[in-house]
Amino acid sequence: MAQVNAEGHWKATSHLMWIALAIWAFFSFVIHFFVNSLNEIVILGFPLGYYMAAQGSLIVFVVLLFWFARRQDSIDREFGVAEEE
Amino acid sequence: MATQSSAESGFLANLGKVYGIYTGGFLAFVIFIAILEQLGVPNRILGYLFVGFTILVYAIIGILSRTGQVSEYYVAGRKVPAFYNGMATGADWMSAASFVGMAGTLYALGYDGLAFVLGWTGGYVLVSVLLAPFLRKFGAYTVPDFLAARYGGNLARFLGVIVLISCSFTYVVAQIYGTGLIASRFLGLDFTIAVYAGLAGILVCSMLGGMRAVTWTQVAQYIVLIVAYLTPVVILATKNYGVPVPQLMYGQALQDITARESQMIESGLAAAGTLKPYITPFLTYDRLNFFALILCLMVGTASLPHILMRYFTTPSVRDARKSVAWSLFFIFLLYFTAPSYAAFAKLEVYTNVIGQSLDQLPQWISTYSNLGLVKIYGVTLQALSSGIAAVGAAIAAGAADVGSVAATLQSKGLTSELANWSALGDPVKAVVFDAVRANGAVTAQEIFNPAIHAAATAAGNTTNLLGLAGLSIDNDVIVLSTPEIAGLPYVIAGLVAAGGLAAALSTADGLLLAIANALSHDIYYKMVDTHAPTTRRLIVARVLLVIVAVIAAYTASTKPADILAMVSWAFSLAAAGLFPALVLGVWWKRANQWGAVVGIIAGFGICLYYLVGTRYFAVSFYETWSGLSGANEAAIAKFNELKAAWEGAAPEAKAAAWKAFDTHAQTVANWFGVRNISSALFGLPAGFIAMYVVSLLTKAPSKQMQDFIDEIRRPKGKELMEGGNLVTDVR
């Protein structure tokens with residue numbers, strides 16, 4: 001059992017929070033600023049700018065959440081504040 | 001007791017098997033209906049079987065999940081595994097509007113409609129990263145419970161309840177309205193009866209078992225709705241492109257749409273100025289509004305109490321996080337399919353409807369024209385039928401020509417016939433009148449072609465071909481008509497109806513529970529009678545649930561246009577009212593009671609002011625804030641012109657002049673051009689700033705409160721609340 005280290009835990013948690021929010025902000029907003037340039041690229045008939053708003057960003061969100069759940073869990077374990085199974 | 005709990009642990013251990021059998025049973029049922037259809041059973045009976053059977057199953061689940069325990073009633077005993085809670089959240093989240101209307105929005109708005117797809121999915125990132133796990137650790141029954149504990153007292157709780165009710169009530173009315181609409185369209189039930197039938201379906205799932213019953217019916221409803229949503233479009237993709245993955249195959253359709261758009265402009269079927277190219281961004285919403293809408297919908301998602309409270313039901317904090325990921329996955333399955341519906345429908349309309357001879361429109365056009373949902377140059381079969389009836393009554397009462405119909409109906413006091421008659425355009429009136437005079441038994445179908453020809457000519461189209469401007473399609477038609485467009489048997493249409501109903505019922509259940517629990521737990525138990533025994537708490541909870549449900553159903557039965565339009569406000573209201581207090585409550589220890597109180601009032605207040613002001617008091621809102629308005633010079637000139645016209649109008653023309661004036665004022669009454677659906681763009685920062693400033697100006701939270709926050713931040717250890725009460729006093 002790891003030693004409880006509340007301060008370190010919160011620091012690592014906050015760090016992860018900012019990473020997750022940065023990815024979220026990029027795929028929610030930033031990438032769609034460039035929709036017109038991205039639309040020049042066409043894959044399987046999809047203009048890329050359209051595709052990112054219709055599917056691409058959504059897929060990123062789903063993967064991000066599963067990754068986040070795992071990552072946060074390992075932080076909790078590392079600092080000894082995870083729940084018992 | 002012992003047998004009940006062992007039966008229950010058996011249920012929880014075998015969830016996969018139970019819902020696997022259920023899904024298999026449902027598919028077998030669909031096949032059974034398909035066989036009945038082949039045997040010649042009429043569609044109407046099939047529709048009743050579909051809806052009746054699914055509601056019966058939900059009711060059985062609801063009754064089997066009845067409970068007499070407070071924690072089961074409010075949070076399903078905190079035993080719902082992450083995967084199943086994800087499905088339940090999916091059903092909770094996806095409303096009648098998502099199921100039936102979303103594809104239609106995308107059809108109408110093209111790229112700009114994707115703001116809804118993004119906004120209604122990305123918010124779950126905020127839920128998982130910022131809120132859900134911490135609220136789960138805290139162990140509350142309701143969202144206001146958390147506000148009360150964190151911000152020391154009932155004032156914050158009470159404000160939380162107000163925000164919760166204002167964003168949930170209009171929403172639940174819209175869901176019940178949705179059940180009425182679907183049941184009346186597919187089963188031919190009277191709308192009001194359909195609404196109350198929906199109410200019964202909702203109550204039987206939620207009243208006896210509270211959250212526990214709602215959870216397990218929502219899982220069942222999710223399965224029905226996702227099967228119903230995917231089936232028609234998968235078959236359509238297979239038929240047209242040979243690959244059963246519509247989400248990948250509609251890329252080709254996008255290309256074809258773009259090609260067809262320029263073709264239509266060349267051949268004069270569409271005017272270059274009015275056609276909005278499907279994949280071109282920022283034609284309906286400008287950049288500011290597009291991104292503002294995404295932000296407001298996302299933050300609103302993360303603040304809606306009926307969603308947050310679903311994560312109170314998982315066994316652990318870890319499961320709460322996993323559960324958000326599963327929720328988004330299950331929601332994603334529908335939302336990434338919706339654009340393919342829209343693209344296939346657009347291509348179908350552009351190739352097989354626009355440019356066709358007015359005499360040879362596809363069958364599905366007349367099916368939905370019968371329901372009044374598809375208009376050809378403003379003409380629908382539904383309006384023609386009621387027009388025929390009105391003329392029949394007028395002729396019977398002595399009307400001799402077209403001009404005297406209105407006066408005759410008026411003198412006989414036939415007001416509804418008069419309204420139906422007046423709704424027809426002038427060229428159509430003549431067609432209807434002549435046809436009825438020649439043959440009293442004429443049908444709408446028989447005069448449809450002459451009527452649309454007359455209307456098209458009046459609109460300046462003499463080519464006999466349907467132009468883009470002549471077609472108007474209700475948003476709901478896109479999903480509902482896909483089975484017919486794909487040439488599928490009625491069984492698939494019945495499946496879609498059952499899916500839409502599942503979506504409406506499951507969302508209504510979640511919302512009702514959120515409202516009723518806030519009233520019974522936060523208002524009654526926490527503020528009125530803090531010593532109420534368990535049995536009385538549960539009785540009060542159920543009585544309030546029924547009362548709220550009946551009020552909502554009654555409101556829905558009056559078809560309140562205003563309330564239905566207000567549904568989209570829910571996201572901004574929740575975002576501005578709750579998000580700052582919830583997020584800072586976890587992430588900023590210095591946030592205190594007065595900061596939260598002022599923050600909620602400021603955020604919610606500004607949001608509400610903007611919503612109501614721009615919608616209902618547009619003239620005075622514009623005049624107060626004209627300096628901030630995003631209106632251009634032409635719009636301002638028009639505003640002044642209409643104002644002068646209204647001021648100078650004769651008394652009898654005053655009302656009409658005001659209407660024109662007010663309608664235009666709504667387009668200029670804004671701050672920086674932001675639409676009122678995105679009003680949280682102002683409310684959200686106001687809430688954060690007010691909370692920050694006031695917290696710093698007042699006393700820091702106590703040492704106990706700081707420890708309490710540390711506790712919430714650590715998954716390990718017991719919940720801080722038990723049975724709806726704080727374990728230790730933190731004030």
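This is a predicted model: local features need pLDDT of at least 70, side-chain atom pairs count only at pLDDT 80 or more; totals for chains, interfaces and linings use all residues.
Local features need pLDDT of at least 70 and side-chain atom pairs pLDDT 80 or more, whereas totals for chains, interfaces and linings use all residues. Residues are numbered from 1 along each chain as its sequence is written, with chains lettered from A and ligands numbered from 1 in the order in which they are written.

**Exercise 1.** Determine whether the radius of gyration of chain B agrees with that of a compact globule.

Step 1. The radius is taken over C-alpha atoms, and the globule rule is 2.2 Å times the number of residues to the power 0.38.
Step 2. For 731 residues the rule gives a value near 27 Å; chain B has 28 Å, which agrees.
Step 3. The C-alpha trace spans about 85 × 70 × 55 Å along its principal axes.

**Exercise 2.** Describe helix α25 of chain B and its packing.

Step 1. Helices are DSSP runs of H or I with at least four residues, strands runs of E with at least two, numbered from the N terminus.
Step 2. Helix α25(B), residues 534-557, reaches 35 Å from first to last C-alpha, close to the expected 34 Å (1.5 Å times one less than its number of residues).
Step 3. Its buried residues (20 or more other C-beta atoms within 10 Å of their own, C-beta atoms being placed from the backbone) include Leu538(B), Leu545(B) and Ala552(B).
Step 4. The buried residues of α25(B) pack against α4, α9, α10, α11 and α24 of chain B; contact requires C-beta atoms, placed from the backbone, within 7 Å.

**Exercise 3.** State how many residues of chain B contact chain A, and which element gives the most.

Step 1. In chain B, 39 residues are in contact with 35 residues of chain A.
Step 2. The largest contribution to this side of chain B comes from α15(B), with 10 residues.

Conventions. A residue is buried if 20 or more other C-beta atoms lie within 10 Å of its own, exposed if 12 or fewer, and partly exposed in between; C-beta atoms are placed from the backbone. Two residues are in contact if their C-beta atoms, placed from the backbone, lie within 7 Å.
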